[in-house]
Amino acid sequence: DLMRRAVSASAKSVLHGQSARFPTLHSAARRQRLIVGPSPATSRQFSEFNSGIELLKQQIRNMKQLPVEELDLDELAMREKMLAMATVAETTIGKQAVMEETRKKLQAALVLENMQNMAEAKAKVTTEPKFDSLMSVLKHRLKLGPIPINEYMSLVLTHPQFGYYVTRDVFGEKGDFTTAPEISQLFGEIIGVWVVWVWQGLGCPEKVQLVELGPGKGTMMNDLLRATKNFKAFQKGLDVHMVEVSPVLERVQRQKLSAAPEISHEDAFVVHHSGTGVPIRWKKSLHEVPIEDGVPQII
């Protein structure tokens with residue numbers, strides 16, 4: 001029935017947690033009972049209904065007298081809006097619809113409040129201290145809960161302060177390992193032949209994007225561009241994007257590939273390959289590489 005939903009539910013749910021301060025509200029709401037059928041309500045029924053609404057209004061006014069630090073202002077504003085809407089409704093059906101709509105809005109507001117509280121808690125944790133090691137970063141992150149494997153690998157490899165690839169040159173004799181392009185130029189040349197073959201299979205489009213993920217020292221791209229320089233039509237419309245998360249390796253790549261290494265720095269939007277003049281751009285993720293209509297991507 002309407003009074004049970006409009007008054008009792010409001011007292012139990014909307015003002016949950018306030019019963020200790022206002023014990024009369026809970027007991028008064030339980031005493032109010034009104035059965036509403038499809039026919040218009042009687043004057044006595046409206047009087048009882050409005051009495052319940054006035055009781056809720058009085059409790060809100062009493063709450064306003066509490067110290068500010070004890071009030072949830074967002075929730076208070078929602079309660080006041082609910083009462084204002086209920087009192088201007090002119091029919092029983094109108095009052096019922098107003099209360100139902102307000103209940104949904106309040107429910108959504110409480111969900112939003114919970115999400116905001118979680119976000120604030122996360123921000124409080126993540127903005128805490130300065131870290132002195134990767135282990136301190138991981139311990140701090142664990143305060144928020146389990147770490148997914150992809151997030152763990154991202155922190156370990158590419159953390160801006162302690163990531164494996166960010167803090168050192170890991171390739172070659174002074175690094176931890178080497179890759180095929182560093183052993184022989186043949187690897188990059190073969191990849192270049194394959195790229196031209198794919199481009200021809202696409203009908204030799206006037207423009208094409210070539211994207212390399214994790215370019216290392218830039219050796220493979222350097223060999224690829226050198227090996228395909230005789231395919232003038234291919235290189236004329238070629239636009240190269242290097243996806244690299246490590247600032248250290250990006251600097252190495254720019255120095256190797258740029259026609260003017262002395263001006264090739266992180267702020268440069270585009271550099272041109274020293275052997276072919278092909279434009280080369282750097283991105284931090286594949287999502288940053290633009291997608292152009294009618295322009296194929298070879299990744």
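This is a predicted model: local features need pLDDT of at least 70, side-chain atom pairs count only at pLDDT 80 or more; totals for chains, interfaces and linings use all residues.

Entry 1: Five strands form an open sheet, in the order E3-E4-E2-E1-E5, and the pairing is mixed. I then noted the edges: E3 (271-272) and E5 (297-298) are the edge strands, each pairing on one side only.

**Entry 2: strand E1.** I next followed E1, which comprises residues 208-213. Its pairing with E2 is parallel and extends over 6 bridges. With E5, strand E1 also pairs in the parallel sense, over 2 bridges. I asked which residues stand opposite Gln 209 in E2 and in E5. In E2 the bridge partner of Gln 209 is Asp 239, and in E5 Gln 297 stands opposite Gln 209. I also checked the burial of E1: the strand is mostly covered, with 5 of its 6 residues buried.

**Entry 3: His 241.** I located His 241 in strand E2. Is His 241 buried or exposed? His 241 counts as buried because its relative accessibility is 1%, and the cut-off for buried is under 20%. I listed its contacts, leaving aside neighbours within four places in sequence. They are Gln 209, Leu 210, Val 211, Glu 212, Arg 281, Lys 283, Val 289 and Pro 290. Of these contacts, Gln 209 is the residue I had already noted as the bridge partner of Asp 239.

**Entry 4: helix H12.** I then turned to the helix over the sheet. H12 (residues 247-257) lies across E2 (238-243), E3 and E4 (279-283). Relative to E4, helix H12 runs at about 180°.

**Entry 5: the second largest pocket.** I recorded a volume of about 220 Å³ for the second largest pocket. Which residues line the second largest pocket? The lining consists of Tyr 165, Phe 171, Leu 213, Gly 214, Gly 216, Val 243, Glu 244, Val 245, Leu 249, Lys 284, Ser 285 and Leu 286.

Conventions:
Residues are numbered from 1 along each chain as its sequence is written. Side-chain values use heavy atoms; hydrogens and water are left out. On a 1 Å grid over the protein atoms alone, a cavity is a set of points where a 1.4 Å probe fits but cannot get out, and a pocket is an open set with protein on both sides within 12 Å along at least five of seven lines; lining residues have an atom within 4 Å of a point. Grid points are joined across faces, edges and corners, and a volume is the space filled by probe spheres set on the points. Two strands pair if DSSP finds at least two bridges between them. Helices (H or I, at least four residues) and strands (E, at least two) are DSSP runs, numbered from the N terminus. Contact means heavy atoms within 4.5 Å. Axes are lines fitted to C-alpha atoms, for helices over the stretch in contact, and angles run from 0 to 180 degrees between N-to-C directions. Buried means under 20% relative accessible area, exposed over 50%, partly exposed in between (1.4 Å probe, protein chains only).
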